[in-house]
Amino acid sequence: MEWEKLFAPAAQVDSGSGIIEILRLSEEPGVISLAGGFPAAEMFSLTEVREIADRILATKGEVALQYGPTPGFTPLREYLSERMKKSFAAQVAPEEIVITSGALQGLDLICRVLLTPGDIVITEAPTYVGALQTFSGFGAQVEEIPTDDEGMQVDLLAERLQELEKRGAQPKFIYVIPSFQNPGGTTLSTVRRRLLVDLAASYGVPIVEDSAYAELRFAGSSKPSLKSLDSGEGVVFLGTFSKILSPGLRLGWVAAPPALAEKIISAKQTNDQCSSSLSQYLALECGRQGIIDRQIENSKEILKKRAAALVAGLAQYFPQGTHWVEPEGGFFTWVTLPPTQGLDTGQLLRRAVVEEKVAYVAGCSFYAHGQGSNQLRLCFSYPPLENILLGTERLGKFFSAFYR
Ligand SMILES: Cc1ncc(COP(=O)(O)O)c(C=O)c1O
């Protein structure tokens, strides 16, 4: 069978430099992985989750093992409506919340409902590789807005929106990760948040706010969610249990205005019909019993120490002139090396893994149009402290060789 001839355009998306390659490389024996954005095993509330799972299976096993309603279980939607108020100062009715199989499915469903091939999606540059692959799969045209240490440069967004309007092009939405961005580690300042929400509203362009890491702040002062700043129906919020409880549950949520939520529910019906009932009961009980909040506090302690180790390693071992984003939360920092002959982090990744036994994610993975050859993302959430130090030492020495 000539399968190559049968593939639909969406299946032609190149994922070689993306998630699959990152995961494969970082699993090689002896490799210190500063690549995949995983929570550390020490963050998980294993004992509590085991007890709760036991209790759920003993008391309501017949529903936990059954299919559930497509929008998600009502008590979990009610719990999330309260949590959105408490953690994000956002007023969202339970009916506006759709439970998804991870935030990534939430984003996929949003695209399914909104995008036609050729539509424009505006993103930060760099941005989350999974989002770029999703947009590409739907045939979207990505318009990138440069970032600095305070996140998306909203003045440049204003210029771009004006240019697009002049060309008669209306973007479908703006995708943004305002807090502890992946990969940038940056957090959008409050001033820029207000400007962004107002600007998007004035052009009639919705914002998709991806809040994957927003609750994991271990330094600095908190910033308002875009959803809380929106006085209309312009912000769609993506949440996930992956970074605050467990990615293995595959559970997230979308908070969307009613008209959009309804379409997302229809799309989910033929996608996976419903998210795992057992995961939903587990997440609900962990939330109600304060396990999620305790896990968040514990995770922040771990992340703070690991981020400090990473930054110390960067300062000690990386070439002079290297720039990195000082992390205040989340899992990542973003490193920019001084450009020099022969330095291409994408091409060097294999050598770093094979020769130096350390993995990172190359900058080019996070751009739609191939920049980032002197950049890389480093993840500090997963490796133990001693491996972070050793990993940055190995990488720092590896890159320093290009500046002699
Ligand atoms: C910014 C961002 N959004 C979404 C996701 C996907 O999360 P989930 O596990 O909920 O699908 C990730 C995962 O790494 C992420 O970094």
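**View 1. Strand 2 and strand 9 run antiparallel to each other.** Four bridges join strand 2 to strand 9 (residues 252-255); strands are DSSP runs of E with at least two residues, helices are runs of H or I with at least four, and both are numbered from the N terminus. Two strands pair if DSSP finds at least two bridges between them. Look for Ile-99, which stands opposite Trp-253 in strand 9. Strand 2 is covered on both faces, with Ile-97 and Ile-99 buried on one side and Val-98 and Thr-100 buried on the other. Here, a residue is buried if 20 or more other C-beta atoms lie within 10 Å of its own, exposed if 12 or fewer, and partly exposed in between, with C-beta atoms placed from the backbone. Please keep in mind that this is a predicted model, in which local features need pLDDT of at least 70 and side-chain atom pairs count only at pLDDT 80 or more, while totals for chains, interfaces and linings use all residues. Residue numbers start from 1 along each chain as its sequence is written.

**View 2. Strand 6 and strand 7 form a parallel pair.** Three bridges link strand 6 (residues 173-176) with strand 7 (residues 207-210). Within this pair, Tyr-175 stands opposite Val-208.

**View 3. Domain 1 meets domain 2.** Domain 1 covers 3-45 + 293-403 and domain 2 covers 66-290, with bounds from an automatic or database domain assignment. Their centres, taken over C-alpha atoms, are 24 Å apart. The contact takes 36 residues from domain 1 and 35 residues from domain 2; two residues are in contact if their C-beta atoms, placed from the backbone, lie within 7 Å. On the domain 1 side, helix 11 (291-317) and strand 11 (332-336) each supply at least two residues. Helix 11 gives the most to that side, with eight residues.

**View 4. The largest nonpolar core holds 109 residues.** Such a core is a set of buried Ala, Val, Leu, Ile, Met, Phe, Trp, Tyr and Cys residues joined through C-beta atoms within 7 Å. Among the residues with the most contacts inside it are Ile-207, Val-254 and Leu-378. Both domain 1 and domain 2 give residues to this core, so it lies between them. Setting aside neighbours within four places in sequence, Leu-378 is in contact with Leu-34, Leu-310, Phe-332, Thr-333, Val-335 and Tyr-360.

**View 5. Ala-41 sits in a loop.** This loop lies between strand 1 (32-33) and helix 2 (46-64). Ala-41 counts as exposed because it has 9 C-beta neighbours inside 10 Å. Glu-96 is 55 residues away along the chain, and 33 Å separate its C-alpha atom from that of Ala-41.
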